Amino acid sequence: MYKEFRSTGFLETISNTSPEAWGEHFKQSKGLSRYQKMAFTLDERWKWIRSYLPKKSRILDAGCGAGEWVDFLNINGYQAEGLDYSKDLINKLKEHKPQYHWYNGNILDIPIENNEFDGIISWGVIEHDEKGPLEAIKEFHRILKNGGMAIVTVPHDCKATRKASEMMFPQKKVKDSGGHFFQYYIEVGELKKLFEDCGFKVHLSKSIGGPSLALVSPGIYKKVLNWGPIFRMMNLLVKLIGPRSKEYDHNILCVAEKI
Ligand SMILES: C[S@@+](CC[C@H](N)C(=O)[O-])C[C@H]1O[C@@H](n2cnc3c(N)ncnc32)[C@H](O)[C@@H]1O
């Protein structure tokens, strides 16, 4: 696992991984947009959710952020609920989407009884504990029913991400500007083993996501990050015509069954 630190100087809204910092990060979010709905429909994660979890399944989005996936899954016939440790995010979600269940809680101690859910999804959450993702995966196992499915993504540890991280968050800068542990990058085999060690049968463990500007050219990414529409266009261009290699997949997906 590759440990990444982030300096307070570069990404202003996320200087660490506290509930407050995440609340701030997602403050402007207005919920599921039409663009997101379309993007989720084409997203590989949606394909695996549909393959492994029948409609009406009760699914927890652990670390739901702005709650868009909870909304998307409910619209598509699932009973999805959201959990996040940011009180601000959960309060906002309770106000704007009172028809769904929202929990303010930590994935390391989920406020839910044993064997309750058919599925858990969790995108980009379990890598944010400096002690590692094992305790969170044990909690996922506890609240799933037997045969329930965990579908989880984490950042992909490969040469390109290490290079991008070292370039964007150099240790010297981190030390000078009071940086913090931010997240782990994890290898495909490592994530599979973590799930197996917690009593899961792993059905699928693979890299996903395709090329992004941050991985293909971290130098240019850093330069154009604040250029708004130009940044978005460049990113899209790299996605469409960038190199098709596992090396540039920025996430790993694990689909695992509680046995
Ligand atoms: C990278 S964001 C991902 C949000 C969302 N899953 C998405 O894909 O848009 C990480 C989210 O996990 C939440 N989070 C991080 N650590 C957590 C923990 N230990 N318990 C509960 N939520 C946590 C943060 O508040 C944040 O909303």
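# Cores, sheet and ligand shell

Trainee: Which residues touch the most other members of the largest nonpolar core?

Mentor: Ile59, Ile120, Phe140, Ala150, Ile151, Phe195 and Cys254 do, out of 44 residues in that core. Strand β6 (residues 144-155) is its biggest contributor, giving six residues. Keep in mind that this is a predicted model: local features need pLDDT of at least 70, side-chain atom pairs count only at pLDDT 80 or more, and totals for chains, interfaces and linings use all residues. Residue numbers start from 1 along each chain as its sequence is written.

Trainee: What makes a set of residues a nonpolar core?

Mentor: The members are buried Ala, Val, Leu, Ile, Met, Phe, Trp, Tyr and Cys residues joined through C-beta atoms within 7 Å. In soluble globular proteins, nonpolar side chains tend to be buried together. Here there is also a second, separate core of nine residues, including Ala160, Leu213, Leu215 and Val238.

Trainee: What is Cys254 in contact with, beyond its neighbours within four places in sequence?

Mentor: Val152, Leu191, Lys192, Phe195, Val202, Leu204 and Ser205. "In contact" is a distance call: two C-beta atoms, placed from the backbone, within 7 Å.

Trainee: Why is Glu4 called buried?

Mentor: Glu4 has 22 within 10 Å, so it counts as buried. Glu4 is found in strand β1 (residues 2-6), and its contacts outside four places in sequence are Ser165, Phe169, Phe182, Gln183 and Tyr185. Glu4 and Gln183 are 179 residues apart along the chain, while 5.4 Å separates their C-alpha atoms.

Trainee: What makes Gly67 count as buried?

Mentor: Gly67 has 25 C-beta neighbours inside 10 Å, so it passes the test as well. You'll find Gly67 in the loop between β2 and α4. Gly67 touches Gly31, Gly82, Leu93 and Lys97, leaving out residues up to four places away in sequence.

Trainee: Which residues are closest to the ligand?

Mentor: The closest are Trp22, Gly63, Gly65, Tyr85 and Trp123, among 16 residues that surround the ligand. The test for being near a molecule or strand is a C-beta atom, placed from the backbone, within 6 Å of it. By class, that shell has eight nonpolar, seven polar and one charged residues. For the classes, Ala, Val, Leu, Ile, Met, Phe, Trp, Tyr, Cys and Pro are nonpolar, Asp, Glu, Lys and Arg are charged, and the others, Gly among them, are polar.

Trainee: How do you know whether Trp22 is buried or exposed?

Mentor: Count again: 23 other C-beta atoms lie within 10 Å, so Trp22 is buried. Trp22 is in helix α1 (residues 19-25), and is in contact with Ser86 and Leu89, leaving aside neighbours within four places in sequence.

Trainee: What is the order of strands in the open sheet?

Mentor: β4-β3-β2-β5-β6-β9-β8, seven strands with mixed pairing. β4 (102-104) and β8 (200-208) each have a single partner strand, so they stand at the edges, with one side of each lacking a neighbour in the sheet. Two strands pair if DSSP finds at least two bridges between them. Strands are DSSP runs of E, at least two residues long, and helices are runs of H or I, at least four, numbered from the N terminus.

Trainee: How many bridges join β6 to β9?

Mentor: Seven, and the two strands run antiparallel. Pro155 stands opposite Asn251 in β9. Five bridges join β2 to β3, which run parallel, with Ala62 opposite Leu83 in β3.

Trainee: Where does helix α4 lie?

Mentor: Helix α4 (residues 68-75) lies across β2, β3 and β5, running at about 170 degrees to β3. Such angles run from 0 to 180 degrees between N-to-C directions, with axes fitted to C-alpha atoms, for helices over the stretch in contact.

Trainee: What makes α4 "mostly covered"?

Mentor: Six of its eight residues are buried: Glu68, Trp69, Val70, Asp71, Phe72 and Leu73. Their cover includes α2 (34-42), β2, β3 and β5.

How values were computed. A residue is buried if 20 or more other C-beta atoms lie within 10 Å of its own, exposed if 12 or fewer, and partly exposed in between; C-beta atoms are placed from the backbone.
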